[in-house]
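Hello,

Here is the structure I promised to hand over. Please take a look, then read on for what turned up.

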Amino acid sequence: MNDLKHSSAKRFFGLDLMRAMAICMVLCSHILWIYNPDDGIIRQLLTLFGFLGVEFFFVLSGFLIGRILYDIYIKDDYNIKSALYFLKRRWFRTLPNYFLILIINIIITTSLGYSIPKLGLYFIFLQNGFSKMSTFFPESWSLSVEEWAYIVLPISLLVLSFIFKPKNKNRFFLVIVLSLIVLFIGFKIAYQINTKTTTLHDWNVSLKSVMIYRLDAIFMGVLCAWISINYKKNWKKFKFSFAFIGCLVMMFMYFAMGFLRILPNTYPIIWNVAYLPLASLSIAFFVPLFSQMETSILILKRPVVFISKISYSIYLLHYSIIMQLLMLFVNREKTSLGQLHLITAFYLTTTVFVSYLFYCFYEKPMMDLRDKN
């Protein structure tokens with residue numbers, strides 16, 4: 001969900017496309033709140049879009065921060081100063097937006113007379129740290145996953161490098177990343193042993209959206225970054241083959257598992273332990289293709305880059321603020337289908353416009369301030 005050095009780094013069209021696709025998937029999933037369709041293929045498809053959109057963000061974020069941190073770790077005498085430099089740039093990129101939108105959400109929610117359970121945890125990204133979160137600012141669950149991944153990886157590199165003093169830093173970086181992936185899959189195994197998940201809803205709120213069980217998704221993207229740097233020839237040569245494998249894995253997950261009735265209540269170990277890592281892996285197989293995708297067709301490139309740039313603002317604003325305020329004035333039972341179409345068009349247009357303003361007058365100035373330091 002976050003860029004490379006915004007002011008100076010070259011933009012990669014394929015990664016912009018990946019980010020734009022992800023935010024569009026998330027937007028489509030939340031259109032459900034306008035139409036509120038009965039359970040059926042449309043609801044299932046839009047829900048799947050929302051799930052995939054966030055998973056794309058996780059792997060993409062891991063890939064981007066992995067390349068940045070790897071470069072810092074390999075080239076420099078990696079120390080506390082190096083780790084803090086990395087964290088400062090990440091926090092300048094993510095925290096100003098998040099805290100401003102959090103405060104706006106608090107003002108709106110309390111002014112409407114609602115209470116906010118465990119509000120303090122939202123300021124340290126632990127609202128979904130070890131258990132399900134409240135319904136306040138629900139999309140923030142994924143931001144806590146990202147923020148803690150930003151802390152865990154550089155700190156792990158710092159502490160373990162100090163303890164083991166590796167001679168081969170390249171290989172040690174890989175070992176750390178693989179160890180973190182295994183560790184957080186291990187937490188899923190512990191969840192499987194200690195929890196009885198009987199419904200998809202329970203799985204969604206108690207596992208999929210809980211930070212301690214999701215950090216491996218980010219580190220899967222970091223693993224992609226290491227492979228792309230160390231195996232450049234194969235990364236380029238097999239990009240279409242990898243994408244084809246990713247398609248096969250996705251087809252199995254989203255069609256074959258349903259056809260075979262591999263559900264949380266019948267095969268909980270698959271859903272609790274294997275499903276989410278498999279989702280991350282399927283997306284990781286697409287990264288070689290997207291990371292090398294370019295286009296000179298401006299009519300295609302410009303909207304993709306535009307949506308990509310404002311994607312973080314869209315993610316923060318689109319649901320808890322714009323959607324929830326809009327739904328205060330819409331009675332779905334008394335609104336015709338044609339009117340709902342107009343409301344949807346208004347919602348999407350407003351979201352993009354407000355997010356663009358937020359990006360221009362707040363997000364980008366914050367990033368410019370970061371680049372001056």
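Start with L357, which sits in helix α15. Keep in mind that this is a predicted model.

Which helix gives the most to the patch? That is α15, residues 337-372, with five residues.

Next, two helix pairs.

Helix α5 spans residues 141-164, and helix α8 spans residues 215-230. They pack at an angle of about 60°, with their axes 9 Å apart. That angle makes α5 oblique to α8, because the roughly perpendicular class runs from 65 to 115 degrees and the roughly parallel class is under 35. α5 passes α8 in a right-handed crossing.

The other pair is helix α3 (residues 41-75) and helix α11 (residues 268-284). What angle do they pack at? It is about 70°, with the axes 9 Å apart. So α3 is roughly perpendicular to α11, since the angle falls in the 65 to 115 degree class. The crossing of α3 and α11 is right-handed.

Over to you.

Best wishes

Methods:
Residues are numbered from 1 along each chain as its sequence is written. This is a predicted model: local features need pLDDT of at least 70, side-chain atom pairs count only at pLDDT 80 or more; totals for chains, interfaces and linings use all residues. Side-chain values use heavy atoms; hydrogens and water are left out. Helices (H or I, at least four residues) and strands (E, at least two) are DSSP runs, numbered from the N terminus. Axes are lines fitted to C-alpha atoms, for helices over the stretch in contact, and angles run from 0 to 180 degrees between N-to-C directions. Angles under 35 degrees count as roughly parallel, over 145 as roughly antiparallel, 65 to 115 as roughly perpendicular and the rest as oblique. A crossing is left-handed if the near helix is turned anticlockwise from the far one by less than a right angle, and right-handed if clockwise.
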